[in-house]
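Dear colleague,

Please find the structure below, passed on to you for your work. My notes on it follow directly after.

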Amino acid sequence: MLLTDSEIGYFRQLAGGAVITMELAVSGYLLALASGTVVGLLTLSRNRLIQAVWRVYASIIMGVPSLLVIFLFYYGGSSMLEGVIDITPFAAGLSALVVVYTVYVAELVRGAIRNVPRGQFEASAALAIRPMSAWWHVIMPQAVRLALAGLITVWMVVLKDTALVSLAGLNDLVAHAKTAAGASKEPFIFFVTAALFFVVFSAATLRVSARLERRFGRGLAVVKA
Amino acid sequence: MLFDPALAWAILPRMLYGMLNTVTITALVLVLGLAVSLPITLARMSPRPMFNLPAAAFVMFFRGTPALILLYLVYYGLAQLPSVHDGPLWLIFANAYACAVIGLTLNHASYLVEILRGGLDAVPAGLTEASAALGISPRQTFTWIRFPLAMRYALKAYQNEVLMFTKGTAIVGVITVVDLTAAANEVFERTYDPVTPMLGAAVLYWVLVNLMRIRFEALDRSLNRHLIADERRLRKPVVGASQGALARWTSLPAGPTEHAGTEQAR
């Protein structure tokens with residue numbers, strides 16, 4: 001199939017949108033990973049207040065669609081901070097994704113550390129390994145192994161959730177695909193292109209994750225049931 | 001602008017109307033997703049490439065694509081194809097509500113395939129071998145031994161996926177279906193108050209999601225009522241109920257891994 005000049009122009013816009021999509025996904029994921037790890041470690045505390053606040057907060061975030069959080073940040077933020085700062089769709093989308101996925105990352109980190117056998121902590125103490133070294137060299141490598149599959153899933157979910165930010169007016173891949181579809185009267189090809197972009201990145205993620213799992217799982221025997 | 005209780009009360013009927021659509025779409029996708037995913041799971045697990053390659057491609061495409069693009073594709077994209085636009089299928093594809101259900105079902109079913117596969121894989125091989133040794137036919141082994149156990153193993157992952165896609169229905173507004181989010185948006189556009197309708201919608205979503213979670217937990221208890229007290233204690237997650245939400249949601253069988261993890265932690 002030959003492409004007309006205008007179609008090539010649309011594809012060029014799509015490519016520009018894809019860059020914005022990737023910027024949003026990567027920065028959102030890395031920020032969520034960082035803050036989620038910190039929050040996950042904080043929630044290991046036995047402090048009643050921390051536990052109560054965390055329960056309520058996690059329940060609220062996990063019970064509400066991320067699209068609604070994005071809308072709330074964008075429209076609510078714009079109306080509340082009117083005249084103070086200008087809230088861009090990118091900033092609103094990024095902060096909404098970070099707020100939502102921090103909770104999921106924190107749950108994963110917390111669950112992984114809780115599932116590291118208690119004997120490992122005790123052995124580190126018995127061997128007089130300093131707490132910081134014990135965390136870094138003994139607990140973390142094992143916790144990463146337990147959390148890895150979930151963290152990779154979060155990445156895929158964040159990547160796909162960036163599509164939602166187009167609904168708050170961000171000119172990302174999906175928004176450009178929609179514009180091109182409407183203007184060219186050829187919706188099928190542009191939406192399939194956008195879909196394939198995400199499919200290719202998911203497939204690439206699976207390859208990388210298989211390698212990561214081998215790397216972090218080294219020294220672990222595989223037992224067949 | 002802050003939450004305005006009077007406005008919230010006034011828009012409640014409209015929001016509940018939207019919520020009704022959210023609930024019916026969720027229910028339809030739930031049923032259709034199970035029906036679609038079962039044959040695809042069997043094809044995916046078949047040793048013959050003729051069956052498992054198309055099934056793998058189906059899962060790859062519909063799991064990898066954001067549901068939002070799938071809805072655009074089904075509602076706007078398919079209308080462009082002459083065979084759809086001029087054929088009898090147009091009765092379905094001209095309807096936004098039907099398109100929303102179809103798009104979400106394809107997405108949900110592709111996740112379900114992986115979850116069911118994970119559950120079936122988690123059934124210990126010894127059980128299949130034992131039933132073969134007892135002369136039970138492969139079909140009966142599947143219906144009465146592997147499938148019921150797989151359901152039990154996969155329930156937690158299934159629960160997480162169902163709750164995820166229930167929240168995911170919030171996008172159907174983009175193809176003109178008035179669901180809870182779209183109703184909230186409507187109110188926002190009329191009143192210029194974004195906070196009240198959207199917080200109101202958030203509360204309603206939270207109630208819906210948690211009601212479903214409670215139902216799932218009751219189902220989990222009743223499926224596992226045969227477990228003796230000691231095993232039941234072992235099954236209890238170490239951390240809170242929402243722990244590892246995504247880890248399970250991926251494709252990991254919940255049953256056996258949970259036992260192992262919990263035992264280690266003790």
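The expected span of a helix is 1.5 Å times one less than its number of residues, where helices (H or I, at least four residues) and strands (E, at least two) are DSSP runs numbered from the N terminus. Helix α9(B) has twelve residues and reaches 17 Å from its first C-alpha to its last, close to the 16 Å expected at 1.5 Å a residue.

Please note that this is a predicted model, in which local features need pLDDT of at least 70, side-chain atom pairs count only at pLDDT 80 or more, and totals for chains, interfaces and linings use all residues. Residues are numbered from 1 along each chain as its sequence is written, while chains are lettered from A and ligands numbered from 1 in the order in which they are written.

The confidence of the predictor in each residue is given by pLDDT, from 0 to 100. For chain A its mean is 90, and 97% of the residues reach 70 or more.

Chain A contains eight helices and zero strands. Its C-alpha trace spans about 70 × 50 × 30 Å along the principal axes. Of its 225 residues, 43% count as buried, that is, with 20 or more other C-beta atoms within 10 Å of their own, the C-beta atoms being placed from the backbone.

To return to α9(B), its buried residues include B:Leu180, B:Val187 and B:Phe188. Their cover includes α3 (66–80) of chain A, together with α1 (5–45) and α10 of chain B. Just after this helix, B:Tyr192 takes a positive phi of about 60°.

The two chains meet through 47 residues of chain B in contact with 47 residues of chain A; contact requires C-beta atoms, placed from the backbone, within 7 Å. On the side of chain B that touches chain A, α10(B) gives the most, with eight residues. The residues of that side divide into 32 nonpolar, 14 polar and one charged; Ala, Val, Leu, Ile, Met, Phe, Trp, Tyr, Cys and Pro count as nonpolar, Asp, Glu, Lys and Arg as charged, and the others, Gly among them, as polar.

The largest nonpolar core has 128 residues, and those with the most contacts inside it are A:Leu68, A:Ile70 and B:Leu71. Such a core is a set of buried Ala, Val, Leu, Ile, Met, Phe, Trp, Tyr and Cys residues joined through C-beta atoms within 7 Å.

With kind regards

Methods: A residue is buried if 20 or more other C-beta atoms lie within 10 Å of its own, exposed if 12 or fewer, and partly exposed in between; C-beta atoms are placed from the backbone.
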